[in-house]
Amino acid sequence: MITFILNSKTITTSEHSGMTLLDFVRYEQRLTGTKIGCREGDCGACTVLVGTLESGYIEYQSITSCISPLGNAHGKHIVTVEGTNLQNKLTVIQEAMKANYATQCGFCTPGFVVALTGFTLSSSDKNYDNALDAISGNICRCTGYKAIEKAANQVVEKLNNKEKRSFDWLISNEFIPEYFSTIPKRLQELEAKDRDQPKGKYVSGGTDLYVQQPDHLADNDVHLIAEKDYLKGINIKNGICTIGTNSTVSDLWNHKELNTIFPNLKKHLKLVSSEQIRNMASLGGNFVNASPIGDMTIFFLALNSDIGTTTQGGKDRNLPLKNFYQGYKTFDLKDGELLKDIQFKLPKQNTYFNFEKVCKRTHLDIASVNSAASISVENNTISEAHVAIGGVAAIPKYLHDTSAFLTGKPLTSKTILEAQEVLQNEISPISDVRGTSDYKRLLGRQLFFAHFMELFPKQFTLNDFIEHA
């Protein structure tokens, strides 16, 4: 049985755990404020909040319910737009949307309201940029967004400062309804024991699988692994960072030490997906999806990472991520194995990392070509280089030849131009809906140059490369 709290109501259901949370909310509970839009996690019309109890405290995150399995709600608090309502009056968020004329047809409005409510409940600083991040996965076809941005700014002003507000404060100031104060105790008392999972397809966050095969997953047994503790966590020790494959992109986003080690981490991750998807998408899912343009795969390939696998019997093994992929959508994972963790050495003081991505939209889109590079420099000589690129081969591509060519060479435009020629011989793009092969070769070249211009702006400008390319 699946047990959770939906708004203020305790739910116990025997529905199939692979059913989408959206379908359960709309068709089984008749809460139709949560809308069906794209069914691919792109539009945000189906946004709900998921509250998870940790050490007596609830952390709320927004997700897209259209690609989230119902079973992942087990033991959680799920909030739909109906669950944000006050009695006979508007909440601060709803009033801000109204006062700024931030709604027209109204279809997308519930998703914006829920996402902004999640912002008020989150642990992030209560500033305008974070408010916009909170609604980054919500699409509106009518307003042009400026009115919605003004509504978000009004919400920030009502919060007064950047500190997280307590439930009591948010309730008394009409941000959320009163029942929220009872949820921590109710979740503690909830009979939500660990469920025996049937043998079936492994599913973590579901952000890729539920786009590809939602009907199959809804009708067949799925083995949900999102709550497996041994696949979670980020540990930094003795110069090695180990990240459990159930960790989400948001776990990286919120990790203070990683943000210190990689100062541009949030800038890079903002290119990956919306906040709703960052809250759901697991790293392991991105790796085994084996997409040639998997953003996080390219990211970790450039860190020269190792990947760990495990079995139910506790048999572990490790291998380089760059050796994991064997062909299109095929990889070195044996029957009964799960990806356990990803490990990489922390960058040294003279090591520089960058991630680049080109797609039809700057944000919230699948890459045409993406690339990452880790470059170590000593005495103006490249002592170590790791370059990865996606969208130009049948697999997420670690550039063995290009990386080897750079190593030991002086950090000059001549070296980079010569390395770019090696890169072109190492890739084999095809023409598809995201661009012609020639276009992808051009992007590969430009992103390669962009790494050096971004990492060494005092040494290189675009003219250093274009005049000789």
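Reader: Hello! I would like to learn to read this structure, starting with a pair of strands. How many bridges join β8 to strand β9?

Author: Welcome! Strands of a sheet pair through backbone hydrogen bonds, either parallel or antiparallel. In this predicted model, β8 and β9 (residues 240–244) run antiparallel and are joined by four bridges. To find the pairing on screen, look for I234, which stands opposite I243 in β9.

Reader: Which sheet do these strands belong to, and in what order do its strands come?

Author: They are part of an open sheet of five antiparallel strands, ordered β8-β9-β14-β10-β11. The edges are taken by β8 (234–237) and β11 (317–320); each has a single partner strand, so one side of each lacks a neighbour in the sheet. On average, neighbouring strands here are turned by 25 degrees against each other, direction ignored.

Reader: What is the strand order in the open sheet with mixed pairing?

Author: That sheet also has five strands, in the order β2-β1-β5-β3-β4. Its edge strands are β2 (9–13) and β4, each pairing on one side only. Its neighbouring strands are turned by 30 degrees against each other on average, again with direction ignored. Within it, β1 (residues 2–6) pairs with β2 in the antiparallel sense over five bridges, and T3 has T12 of β2 as its bridge partner.

Reader: Where does the hairpin formed by β3 and β4 have a positive phi?

Author: At S55, in the turn: its phi is about 55 degrees, and two residues lie between the strands. Eight bridges join β3 to β4, and the two run antiparallel.

Reader: Now for helices. How is the packing of α3 and α5 described?

Author: Two packed helices are described by the angle between their axes and the distance between the axes. For α3 and α5 the angle is about 30 degrees and the axes are 11 Å apart. Angles under 35 degrees count as roughly parallel, and α3 and α5 are therefore roughly parallel to each other. The crossing of α3 past α5 is right-handed.

Reader: Which residues meet there?

Author: From α3 come F112, L116, F119 and T120; from α5 come I148, A152, V155, V156 and L159. An α-helix has 3.6 residues a turn, so residues three or four places apart point the same way. α3 also lies across β3 (47–54), β4 and β5 (77–79), running at about 25 degrees to β3.

Reader: Is helix α1 largely enclosed or largely open?

Author: Six of the eight residues of α1 (residues 21–28) are buried, so the rest of the structure largely encloses this helix. The buried ones are L21, L22, D23, F24, V25 and R26, and their cover includes β1, β2, β3, β4 and β5. Just after α1, R30 takes a positive phi of about 60 degrees.

Reader: Last topic: which residues have the most contacts inside the largest nonpolar core?

Author: They are Y60 and L121, in a core of 40 residues. At least two core residues come from each of β4 (57–64), α2 (92–99), α3 (109–121), α4 (128–134), α5 (146–159), α6 (167–172) and α7 (183–189). Setting aside neighbours within four places in sequence, the contacts of Y60 are L49, V50, G51, H77, V79, L121, F167, F180 and I183. There is also a second, separate core of 35 residues, which includes I243, M296, I298 and F353.

Terms used: Residues are numbered from 1 along each chain as its sequence is written. This is a predicted model: local features need pLDDT of at least 70, side-chain atom pairs count only at pLDDT 80 or more; totals for chains, interfaces and linings use all residues. Side-chain values use heavy atoms; hydrogens and water are left out. A nonpolar core is a set of buried Ala, Val, Leu, Ile, Met, Phe, Trp, Tyr and Cys residues joined through side-chain atoms within 4.5 Å. Buried means under 20% relative accessible area, exposed over 50%, partly exposed in between (1.4 Å probe, protein chains only). Contact means heavy atoms within 4.5 Å. Two strands pair if DSSP finds at least two bridges between them. Axes are lines fitted to C-alpha atoms, for helices over the stretch in contact, and angles run from 0 to 180 degrees between N-to-C directions. Angles under 35 degrees count as roughly parallel, over 145 as roughly antiparallel, 65 to 115 as roughly perpendicular and the rest as oblique. A crossing is left-handed if the near helix is turned anticlockwise from the far one by less than a right angle, and right-handed if clockwise.
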